[in-house]
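Colleague: I would like to go through some labels and ask what each one rests on. Please show me the model.

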Amino acid sequence: MRRTPIGSLIAVLVAVAVVGWFVLRALEARSVYLPVVPWLVDVAILALAGAVFWSGWTVRSYQKGKRPSLDGLRAARTLVLAKAAALTGALLGGWYLAQVLVVLGDLAIESRRDRAVAAGIAVLCSVVLAVVGLVVEKFCELPPSDKDRTSSDEGESPAPA
């Protein structure tokens, strides 16, 4: 598997933010308003980021020789979980960014400002999830073997687990 490109995550975040902004503006034109983002969303996103990091830390510990054994299937699942966390962070970040963008013009109104702050914090939590996903992908990268070392001298990068 290849590592998730940061550029593709940024593209997903921007695309979801743009589409979300259009959807939210259309809903508000029909007097349909979303509620303020609950704080539980931030806690859940950060808890997910913590769980992904903990799972990745076990793989890293094994590779550093601090853990006696690790099932290969668990390491592969951790890598897939990390990739999913990175993409989920980008998707959620785009959605909450769209909510911030919709209310930017109305920050003088207290309820709209509260909504912007809550959605802005959710954007930050989502970015943390995406970054943790990318870090855990790095944790799951296999060290280069002798064959890979000769390949990496030719410009190729080692493959993740």
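Colleague: Why is S31 called exposed?

Modeller: Exposed means over 50% relative accessible area, buried under 20%, and partly exposed in between (1.4 Å probe, protein chains only). S31 has 56%, so S31 counts as exposed. This is a predicted model, where local features need pLDDT of at least 70, side-chain atom pairs count only at pLDDT 80 or more, and totals for chains, interfaces and linings use all residues. Residues are numbered from 1 along each chain as its sequence is written, and side-chain values use heavy atoms, with hydrogens and water left out.

Colleague: What is the phi of S31?

Modeller: S31 is not a glycine, yet its phi is positive, about 65°. Most residues other than glycine have a negative phi.

Colleague: What makes R3 and E141 a salt bridge?

Modeller: The term requires a side-chain nitrogen of Lys or Arg within 4 Å of a carboxyl oxygen of Asp or Glu. For R3 and E141 the N to O distance is 4.0 Å, so the pair meets that definition. The two residues are 138 apart in the chain. R3, at 34%, is therefore partly exposed, whereas E141, at 15%, is buried.

Colleague: How do you know that D106 and R112 pair?

Modeller: Their closest N and O atoms are 3.2 Å apart, which makes a salt bridge. Salt bridges with shared partners join E28, D106, R112 and R115 into one network. R112 has 12% relative accessibility, so R112 is buried; D106 has 30% and is therefore partly exposed.

Colleague: Why is E28 called buried?

Modeller: Its relative accessibility is 12%, so E28 counts as buried.

Conventions
Helices (H or I, at least four residues) and strands (E, at least two) are DSSP runs, numbered from the N terminus.
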